[in-house]
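Colleague: Could you walk me through this structure before I start reading on my own? I would like to ask things as they come up.

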Amino acid sequence: MRGTLYGALVSQIRSMIQEGELAPGEQIVETGLCETFGVSRTPMREALKVLASEGLVELRPRRTPIVAPVDPDEIAAIFEVMEGLEALAGRRAAENASPADIAELEGMHAAMVAQHDRGDRADYAIRNREIHARVVELAGNPVLKTTYANLSAKIHRARATTNYDAVRWVESVQEHERIMGAFRSGTPRDVADALVDHTRRTGVSVIATLLRVRDRPA
């Protein structure tokens, strides 16, 4: 039971950080979180140690812990690696996908477009991640899946700290349309190219926003 409670505590605080509810650089007031989750300071401190090992929290001697800042240079490096992962995932997914798999992706894509048309950014972002994760799963490579998930979590947090540009949002939907078109044609190279192009454009937008936030006068 204790292990379940401890795991849930780590998961809940991790989610708060990744979703931007706890902002980069923000002090983590242990007493406040203890009251929020109804736990003592011992499990809270252990949970923060785990999150520090994941790079989400900075523990500072004799000072209040803070949410780890988002480093634009690190995010740029991650996006560069993600382009390679997306290429591999797209190519292998296109080779492996059955008609039923394509139909599943079509349904997810249609739901995402509807969320865009409603202006539902939160659910759109969730469905967007689900589509990319499903493509990676279809690739059938467990090492790719694990690596992709770990790097995606860092990118998700970076995106949560920025305002998503309306023009970029429209472009992103159009790029997803191209990805689905490539899946329909069954051309692995085209799927890979479409995913890489989408990832590169997303990276440029996210990093530019992070740099504006970083360089903004205090």
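Colleague: Which residues does Gln18 touch, not counting residues up to four places away in sequence?

Modeller: Before I answer, please keep in mind that this is a predicted model. Once residues up to four places away in sequence are set aside, Gln18 touches Ala153, His156, Arg157 and Ala160. Gln18 itself lies in helix H1, which runs over residues 2–18.

Colleague: And is Gln18 buried or exposed?

Modeller: Gln18 has a relative accessible area of 16%, and because the cut-off for buried is under 20%, Gln18 counts as buried.

Colleague: How does the lining of the largest pocket divide into nonpolar, polar and charged residues?

Modeller: There are 15 nonpolar residues in the lining of the largest pocket, together with ten polar and eight charged ones.

Colleague: What about the second largest pocket, what volume does that have?

Modeller: The second largest pocket has a volume of about 260 Å³, and of the 15 residues that line it, Glu54, Gly55, Leu56, Lys154 and Arg157 lie nearest its centre. Two or more lining residues come from each of helix H1, H4 and H7, with H7 giving the most, four residues. By class, this lining has six nonpolar, three polar and six charged residues.

Colleague: Switching topic, how many residues has the largest nonpolar core?

Modeller: The largest nonpolar core has 38 residues, and those with the most contacts inside it are Ile75, Met82, Leu105, Val135 and Phe183. The elements that give two or more residues to this core are H4, helix H5 (99–118), H6, H7, helix H8 (166–185) and H9, and the largest share, eight residues, comes from H4.

Colleague: Which residues is Phe183 in contact with, leaving aside its neighbours within four places in sequence?

Modeller: With those neighbours left out, Phe183 is in contact with Ala93, Ala94, Ile102, Leu105, Val135 and Val191. There is also a second, separate core of 17 residues, which includes Met16, Ile28, Cys34 and Met44.

Colleague: One last thing, the strands. In which sense do S1 and S2 pair?

Modeller: Strand S1, residues 57–60, and strand S2, residues 63–67, pair in the antiparallel sense over three bridges, and the bridge partner of Val57 is Val67 in S2.

Colleague: And what sits between the strands of that hairpin?

Modeller: The hairpin of S1 and S2 has two residues between the strands, and in this hairpin Arg62 takes a positive phi near 60 degrees.

Key
Residues are numbered from 1 along each chain as its sequence is written. This is a predicted model: local features need pLDDT of at least 70, side-chain atom pairs count only at pLDDT 80 or more; totals for chains, interfaces and linings use all residues. Side-chain values use heavy atoms; hydrogens and water are left out. Ala, Val, Leu, Ile, Met, Phe, Trp, Tyr, Cys and Pro count as nonpolar, Asp, Glu, Lys and Arg as charged, and the others, Gly among them, as polar. On a 1 Å grid over the protein atoms alone, a cavity is a set of points where a 1.4 Å probe fits but cannot get out, and a pocket is an open set with protein on both sides within 12 Å along at least five of seven lines; lining residues have an atom within 4 Å of a point. Grid points are joined across faces, edges and corners, and a volume is the space filled by probe spheres set on the points. A nonpolar core is a set of buried Ala, Val, Leu, Ile, Met, Phe, Trp, Tyr and Cys residues joined through side-chain atoms within 4.5 Å. Buried means under 20% relative accessible area, exposed over 50%, partly exposed in between (1.4 Å probe, protein chains only). Contact means heavy atoms within 4.5 Å. Two strands pair if DSSP finds at least two bridges between them.
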